[in-house]
Amino acid sequence: MNRLIGYLLLYIGVRVSELVSVRLEDISLMPSALTVKGKGGKIREISLRQDVLAYMKDYMQGEREESPFHSSSYLLVSQRVEKLHRDAVRNWLSHASKELQIHLHPHLFRHTFATRLLRMVGWIKENNCTHVALEITSVYRKHIVNLLEA
């Protein structure tokens, strides 16, 4: 599950609260996409990379099936509850930070997602990250320009 969490944070740019709220009905296999309900009730559909989809299938057929809550409507479940709590994600990242000796926090993955998207396509649609204002997205543009000029 931890690998799936990491991939979802990194490759779809979700907030932790959005991640733990993903329901099975939000996942589409044809085309491979995930519907995310974000801040302020904004809804966006994000294409899923094949490797992310593969980890998702492995998790659903393996670890998730072993949980007493395998029939939950939520994607991420634990051995104790039907919906993984966002603190569990933060605790995992904190533990991984200590082990790797790198400061990892949930929003770092979101920033990395946005920065990579900007590098690849040169722009970020508001829909990709559901920022309240497009001015927030300009932070990523400035960051990339500074990196390229260095």
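**Aromatic pairs, core and pocket in a predicted model**

Modeller: Y7 and Y11 both lie in helix α1 (residues 2-12), four residues apart, which is about one turn of the helix. The model is predicted.

Biologist: Why are Y7 and Y11 called an aromatic pair, and what makes the pair tilted?

Modeller: The ring centres of Y7 and Y11 are 5.3 Å apart, and the cut-off for a pair is within 6.5 Å, so the two rings pair. Their planes make an angle of 50 degrees. Stacked needs under 30 degrees and edge-to-face over 60, so this pair counts as tilted.

Biologist: How many aromatic pairs does the structure hold, and which residues form the cluster with Y7?

Modeller: The structure holds two aromatic pairs. Y7, Y11 and Y55 form one aromatic cluster.

Biologist: Is Y7 buried or exposed, or in between, and what about Y11?

Modeller: Y7 has a relative accessibility of 23%. Buried requires under 20% and exposed over 50%, so Y7 is partly exposed. Y11 has 18%, which is under the 20% limit, so Y11 is buried.

Biologist: What makes R49 a charge over the ring of Y11?

Modeller: The charged end of R49 is 3.7 Å from the centre of the Y11 ring. The distance limit is within 6 Å, and the charge must also be within 35 degrees of the ring normal. R49 is assigned to a place over the ring of Y11. R23 likewise lies over the face of Y74, with 4.2 Å to the ring centre.

Biologist: Which residues of α1 are buried, and how do you know where G6 belongs?

Modeller: The buried residues of α1 are L4, I5, G6, L8, L9, Y11 and I12. G6 lies in α1 and has a relative accessible area of 12%; the limit is under 20%, so G6 counts as buried.

Biologist: What follows α1 in the backbone?

Modeller: Just after α1 comes G13, with a positive phi of about 65 degrees.

Biologist: What makes the largest nonpolar core a core, and which elements supply it?

Modeller: A core is a set of buried nonpolar residues joined through side-chain atoms within 4.5 Å. The largest one has 28 residues, of which L8, L9, L19, L75, L76 and V89 touch the most other members. At least two residues of this core come from each of α1, α2 (16-20), β2 (32-37), α3 (50-61) and α5 (86-100). The largest share, six residues, is from α1. In soluble globular proteins, nonpolar side chains tend to be buried together.

Biologist: Why is V36 called buried?

Modeller: V36 has a relative accessible area of 1%. The limit is under 20%, so V36 is buried. V36 is in strand β2, and its C-alpha atom is separated by 9.2 Å from that of R23, 13 residues apart along the chain.

Biologist: Why is K83 called partly exposed?

Modeller: K83 has a relative accessible area of 32%. This value falls between the limits of 20% and 50%, so K83 is partly exposed. K83 is in the loop between α4 (63-66) and α5. From K83 to S73 the C-alpha distance is 8.5 Å, at ten residues apart in sequence.

Biologist: What is the value of omega for the bond that joins M30 and P31?

Modeller: Omega is about -5 degrees, and the peptide bond is cis. P31 is found in the loop between β1 (27-29) and β2.

Biologist: Which residues line the second largest pocket, and how are they divided by class?

Modeller: The lining consists of M1, N2, I5, S78, R80, V81, L84, H85, A88, V89 and W92. By class, seven are nonpolar, three polar and one charged. Since Arg counts as charged, R80 belongs to the charged class. The elements that give two or more residues to this lining are α1 and α5, and the largest share, three residues, comes from α5. The pocket has a volume of about 160 Å³.

Biologist: How many helices and strands does the protein chain have, and what percentage of its residues count as buried?

Modeller: The chain has eight helices and three strands. From the N terminus the order is α-α-β-β-β-α-α-α-α-α-α. Of its 150 residues, 39% count as buried.

Definitions and conventions. Residues numbered from 1 in each chain as written. Predicted model: local features only at pLDDT ≥ 70, side-chain atom pairs only at ≥ 80, totals over all residues. Heavy atoms only, no water. Phe/Tyr/Trp six-rings, centres within 6.5 Å; stacked < 30°, edge-to-face > 60°. Buried < 20%, exposed > 50% of the residue type's maximum accessible area, 1.4 Å probe, protein only. 1 Å grid on protein atoms, 1.4 Å probe; cavity = no way out; pocket = protein on both sides within 12 Å on 5 of 7 lines; lining within 4 Å. Points joined across faces, edges and corners; volume = space filled by probe spheres on them.
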